[in-house]
Amino acid sequence: MVTCTYMVLRYYEKRGLLSESSKPLPKYDDFRGRFGSYVGTLGLPPNKLHDYLNVAVPKEHLKVQHKTGNMVSLEYHIRNKTPIIPIFDYLMYQQSTPSKATHATLLTGYTAENFYTNDPIHGKRYPYEKPKFVEAWGQRSNKYILITPKGATLNSYLTQTSGC
Amino acid sequence: MPIDSAKVKAKAEEIIYNRLGTNLAAGQPEFMEKRRVWTVPLELDLPRVVEDKRTKELKYVVFHLGNVGALEIDNRILKPIGIPRRSDLNTVVEDKLLSIRSKVENLLLHTASLQFAKLVSIKHMMTPLANLITSVLKHDSYALQSGQSTWRSVVSYSNLLEKKDFLVRDGNEVRPSAMLQTLYQELGGDLDGTIEHVLKSIIENDYETIYRDFKIKTLSPYVQISSTYYDYALSVHDLIALSEDDIWEAYSTLYGTATKKRHFRFDDYLRELGQESINLLRQTESG
């Protein structure tokens with residue numbers, strides 16, 4: 001989740017959507033280091049993401065929304081170029097075995113068959129097969145997270161041409 | 001009347017999401033009739049991604065650590081009345097990981113003790129023991145001189161070998177036991193081999209004694225480095241190829257050994273563990 005959050009911030013930084021865009025974001029290792037003490041062996045509590053972001057990137061006033069939805073809502077956000085982080089059971093996706101651990105990925109695109117992601121494990125443009133992904137996502141009650149700069153509107157994203 | 005356990009479980013999942021962490025999940029809630037309270041076990045799976053450097057394949061594994069704590073939820077108002085602190089849960093997880101690490105080390109000490117016994121630095125540290133065995137096998141007996149302080153270590157080793165039934169004592173004289181003589185004969189009179197087998201037996205069964213009482217800590221980095229690798233290999237059920245950097249990273253993280261001195265010696269530890277006669281680790285084509 002920390003990696004996905006960083007990817008989202010980089011996305012906004014590149015588009016000049018961060019309030020302190022003149023100040024570059026810390027390097028990833030530094031950013032992760034600031035989160036490290038919150039993550040530990042238990043993983044990050046997603047609902048604390050906002051508090052932690054205030055520590056890691058103070059003054060950015062980012063808005064963090066925790067939502068539940070379906071495949072249509074995921075595709076809607078992708079079309080609107082809003083970075084979206086679904087959380088799901090990765091072991092269920094890979095091996096059809098449920099686990100307690102939750103994985104997060106950043107959705108960047110989709111086709112009829114796949115979701116494309118910038119994935120913390122697999123890297124750029126990693127495809128997740130939709131049916132299996134939806135099953136694994138369902139294991140975590142179809143939750144997803146939106147991180148947006150305060151004051152940003154839909155048009156803020158649509159004026160840019162490149163993907164997440 | 002207790003409320004629906006599915007609602008309690010959902011509440012527990014909400015608390016985990018809000019306050020505890022993504023590696024945890026709620027177990028099956030249990031209703032405590034007397035206190036009118038639900039207890040929900042907190043179960044943890046620790047994920048790990050391991051890259052096999054040879055195949056470039058990423059393997060995702062999870063350690064099922066089971067229960068690490070519990071939530072208490074009031075039956076009447078469906079509100080939490082007891083949430084463990086993250087720091088306390090972390091401590092439980094660390095203890096469980098320590099226990100796993102210790103099991104891997106023990107497993108390794110039992111399965112690879114002969115390889116460890118062949119390490120030059122271990123033999124060097126155990127020189128008095130080797131001297132004793134050589135002496136008793138060559139001359140059939142050896143007279144201990146306990147009065148001199150420099151001989152203390154020899155006497156200690158003699159006591160250890162006596163306890164292990166490799167030597168028998170008669171006053172100040174020590175002689176090879178029947179077991180040691182049989183071993184020597186079975187190995188065709190090979191003194192080096194006999195010493196290695198005696199060392200093997202000690203490493204396998206008395207590692208704590210040589211570590212704590214004899215203060216021989218030379219062996220521990222070899223055991224720890226090998227354990228680090230086999231910990232990963234066991235978790236993915238495969239003898240995967242890890243880079244030296246990956247092993248160092250895992251070793252220094254697991255054992256908190258990230259000192260410059262340790263890093264300086266790390267390559268040499270790997271080289272020794274990879275020697276043909278030891279063969280506890282093997283260098284792959286890609287290094």
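Two residues are in contact here if their C-beta atoms, placed from the backbone, lie within 7 Å. Keep that in mind for the views below, which come from a predicted model.

**View 1. Chain A meets chain B.** Chain A brings 18 residues to this contact, and chain B brings 23. Look at chain A's side of it: nine residues are nonpolar, eight are polar and one is charged.

**View 2. Helices α5 and α8 of chain B pack together.** Here you see α5(B), residues 127-139, against α8(B), residues 191-212. Their axes sit 10 Å apart, at an angle of about 130°. The crossing of α5(B) and α8(B) is right-handed. On the α5(B) side, the touching residues are Ala130(B), Ile133(B), Thr134(B) and Leu137(B); α8(B) answers with Leu191(B), Thr194(B), Ile195(B) and Val198(B). Sort the residues of this contact by type and you get six nonpolar, two polar and no charged.

**View 3. The largest nonpolar core.** This core has 45 residues. Leu132(B), Tyr222(B) and Leu273(B) have the most contacts inside it.

**View 4. A second, separate core.** This one holds 38 residues, including Val2(A), Tyr6(A), Leu53(A) and Ala104(A).

**View 5. Zooming in on Leu132(B).** Set aside the neighbours within four places in sequence, and Leu132(B) is in contact with Tyr142(B), Val154(B), Tyr157(B), Ser158(B) and Leu161(B).

Note on methods:
Residues are numbered from 1 along each chain as its sequence is written. Chains are lettered from A and ligands numbered from 1 in the order in which they are written. This is a predicted model: local features need pLDDT of at least 70, side-chain atom pairs count only at pLDDT 80 or more; totals for chains, interfaces and linings use all residues. Axes are lines fitted to C-alpha atoms, for helices over the stretch in contact, and angles run from 0 to 180 degrees between N-to-C directions. Helices (H or I, at least four residues) and strands (E, at least two) are DSSP runs, numbered from the N terminus. A crossing is left-handed if the near helix is turned anticlockwise from the far one by less than a right angle, and right-handed if clockwise. Ala, Val, Leu, Ile, Met, Phe, Trp, Tyr, Cys and Pro count as nonpolar, Asp, Glu, Lys and Arg as charged, and the others, Gly among them, as polar. A nonpolar core is a set of buried Ala, Val, Leu, Ile, Met, Phe, Trp, Tyr and Cys residues joined through C-beta atoms within 7 Å. A residue is buried if 20 or more other C-beta atoms lie within 10 Å of its own, exposed if 12 or fewer, and partly exposed in between; C-beta atoms are placed from the backbone.
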